[in-house]
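Keep the viewer open beside you.

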Amino acid sequence: MAVLPASPGRANRLRRWRMLRFGAFLLVILVGNGPFAVSWTAARYEQWRSHRPDYMRGHGRWDVVADSGTRSIHAAMLHTGKVLLMAGSGNDQGSFDAKKFRTVLWDPIANTFTDVHTPWDVFCAGHAFLPNGDLLIAGGTKKYELLAPDSPDGKKHEYEGLKDSYLFNPVTERYEKTGELNHARWYPTLVTLASGLVVAVSGLDGNGDIDQGNTELFSSVIGTWHDQPDLRKVFPTYPALLLAGDGRLFFSGANAGYGPAGVAERQPGLWNLATNAFQPVDGLPGPEFNETAGTIMLAPAQEQKVMFIAGGGVGDTQAATARTAIVDLDSPAPRYQRGPDMSRVRRYPGAVILPDDTVLVSGGSTGYRARDSRVAEIYHPDTSSFTAAADPHVGRDYHSEYLLLPDGRVAVFGSNPLSDDNTFETRVEVYSPGYLYRGDRPKVISAPPRIIRGSMITVASSQPVTKVRLIRPGAYTHVTDTEQRSVALPIVQQTAGNLTLEVPQNPNLLPSDWYMLFVTNGAGVPSVATWVQVG
């Protein structure tokens with residue numbers, strides 16, 4: 001017997017019934033796995049949104065590019081194009097007891113990591129670049145802290161510092177021993193002066209006590225440290241010190257931990273190394289929130305404007321702030337003026353000058369422990385305002401580092417949120433600013449490998465440009481980078497791709513060192529940098 005086809009009405013009813021059954025099944029799945037489904041859908045949408053060309057042009061893009069496998073505490077951009085990641089014992093008592101100290105070199109182009117023999121515990125040392133590009137590292141960990149419950153006398157014993165001092169040679173990729181410090185230091189700050197001498201201040205000493213103002217200078221000519229008994233200034237540990245245009249050191253008030261807790265003892269100001277005089281700089285809003293704050297000299301350095309970024313209360317308090325403040329060091333009576341607030345409160349903010357003069361501010365923690373702020377924003381000095389950047393995928397707080405790469409991207413390392421299991425972030429994430437998605441980049445066709453201050457130089461560019469910057473490579477630890485600065489090379493003449501540029505004469509403004517030379521076109525798109533040596 002022949003089977004008659006189903007009528008159109010019956011077929012439609014069957015189709016609706018099947019759809020209802022599938023919908024009911026899907027509803028059961030969603031109800032049972034709602035949070036997962038919502039999270040998965042949101043993640044897929046965010047990935048799609050963040051990779052749209054118009055979004056990347058306006059906000060940039062973050063990518064996790066590697067896993068260093070090391071607990072980086074310090075990071076430095078070397079003139080060879082490689083990044084030095086120093087861990088030492090990496091805030092791990094077991095590694096310290098076993099004398100397992102680690103350093104790795106990251107090659108951003110090959111994306112490879114190479115281990116470097118590390119002869120001492122570089123954990124929580126200080127560092128600064130010498131005029132020849134070697135990195136001077138001094139201090140470190142002699143002994144880990146002992147908490148009161150674990151102490152025989154029932155008292156807490158602080159970390160203890162070392163007198164060890166080494167150079168890292170970027171060419172041989174090895175540490176080289178120098179003369180020792182006169183004073184053991186843990187959490188010190190080092191700054192290279194216009195003379196090429198390096199000053200070391202602060203830290204915990206060999207007994208775990210705060211340094212009482214001992215100052216010493218390193219001479220790279222003879223490789224030794226010299227005590228300076230006439231220069232005495234007590235700072236909290238890892239004080240943010242910047243070389244000002246008049247040769248004084250500016251203490252922004254930011255620091256990363258130990259030392260006197262009172263506001264008066266953490267007073268910002270300008271320190272004269274010739275006379276030991278200290279000129280206070282007032283006006284910083286919320287001075288009780290200076291700990292774990294960021295400091296950056298805005299571009300161009302000729303304007304001598306320094307920005308104070310976020311911060312928190314002293315010690316393990318959860319207090320944090322979103323405030324910024326800016327001071328003009330060229331003023332006869334410098335005083336902080338309140339800047340724009342950021343979108344989030346932050347301790348441990350990462351701040352990096354970009355070749356277009358803007359500043360990336362990213363990461364940080366909204367409290368003392370494991371409260372990562374996965375938010376980034378861009379500060380625009382021309383309008384004194386923040387705009388949103390793409391958000392990083394990886395949270396960063398204590399023991400994180402931020403460096404500008406020669407290709408105009410920013411690499412981010414580390415993070416140690418002080419959880420009970422002492423976790424540590426080892427992934428490397430790279431931020432590609434929006435300018436990398438706004439058209440063809442200019443190219444530096446030729447530039448002199450060595451630049452003399454006060455001279456005129458010629459640089460050839462593939463495109464007309466509106467600004468040229470020399471950016472000193474960073475050496476970052478504990479929210480402190482005394483090296484980072486962007487110096488303008490004024491354009492005197494521009495003809496057929498040839499730029500005549502004026503090099504500043506002031507060595508306090510432009511200390512001898514290797515620099516990344518960027519040219520930037522009218523659309524704000526920078527070149528890949530060419531390395532040049534100033535001095």
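1. What volume does the largest pocket have? About 990 Å³. A pocket here is an open set of points on a 1 Å grid over the protein atoms alone, with protein on both sides within 12 Å along at least five of seven lines. Its volume is the space filled by probe spheres (1.4 Å probe) set on the points, which are joined across faces, edges and corners.

2. A word on where this comes from: the model is predicted, local features need pLDDT of at least 70, side-chain atom pairs count only at pLDDT 80 or more, and totals for chains, interfaces and linings use all residues. Residues are numbered from 1 along each chain as its sequence is written, and side-chain values use heavy atoms, with hydrogens and water left out.

3. Back to the largest pocket. It is lined by 34 residues, and the closest to its centre are E145, Y258, Y368, R369 and L418; a lining residue has an atom within 4 Å of a point. The lining divides into 14 nonpolar, nine polar and 11 charged residues. For these classes, Ala, Val, Leu, Ile, Met, Phe, Trp, Tyr, Cys and Pro count as nonpolar, Asp, Glu, Lys and Arg as charged, and the others, Gly among them, as polar.

4. Now find the second largest pocket, with about 280 Å³ of space. Of its 19 lining residues, D356, T358, I378, H380 and R438 are the closest to its centre. α3 (53–59), β26 (376–380) and β27 (385–388) each give the lining at least two residues. By class, the lining has eight nonpolar, six polar and five charged residues.

5. Next, the sheets. Strands of a sheet pair through backbone hydrogen bonds, either parallel or antiparallel. Two strands count as paired here if DSSP finds at least two bridges between them. Take the open sheet of four strands, in the order β20-β21-β22-β23, with antiparallel pairing. Its edge strands are β20 (294–297) and β23 (337–338), each pairing on one side only. Between β22 (residues 324–328) and β23 there are two bridges, and A325 has R338 in β23 as its bridge partner.

6. Then look at β13 (residues 198–201). β13 pairs with β12 (residues 189–192) in the antiparallel sense over four bridges, with T189 opposite V201. β12 and β13 make a hairpin with five residues between them, and G196 in the turn has a positive phi of about 95°. β13 also pairs with β14 (residues 214–219), antiparallel over three bridges; there, V199 has L217 as its bridge partner.

7. Strand β30 (residues 427–432) is mostly covered, with five of its six residues buried.

8. Is H127 buried or exposed? H127 counts as buried because its relative accessible area is 5%. This histidine lies in strand β6 (residues 126–129). Its side chain makes a polar contact with the side chain of H74 at 3.1 Å (a pair of N or O atoms within 3.5 Å; within protein, one must be able to donate a hydrogen and the other to accept it, and residues adjacent in sequence count only if both atoms are side-chain atoms). Leaving aside neighbours within four places in sequence, H127 is in contact (heavy atoms within 4.5 Å) with residues including M86, L190 and Y476.

9. Finally, compare two loop residues. P152, in the loop between β8 (141–143) and β9 (160–161), counts as exposed because its relative accessibility is 83%. N255, in the loop between β17 (249–251) and β18 (269–271), is buried, at 1%. Not counting residues up to four places away in sequence, N255 touches several residues, among them P236, R266 and N290.

How values were computed
Buried means under 20% relative accessible area, exposed over 50%, partly exposed in between (1.4 Å probe, protein chains only).
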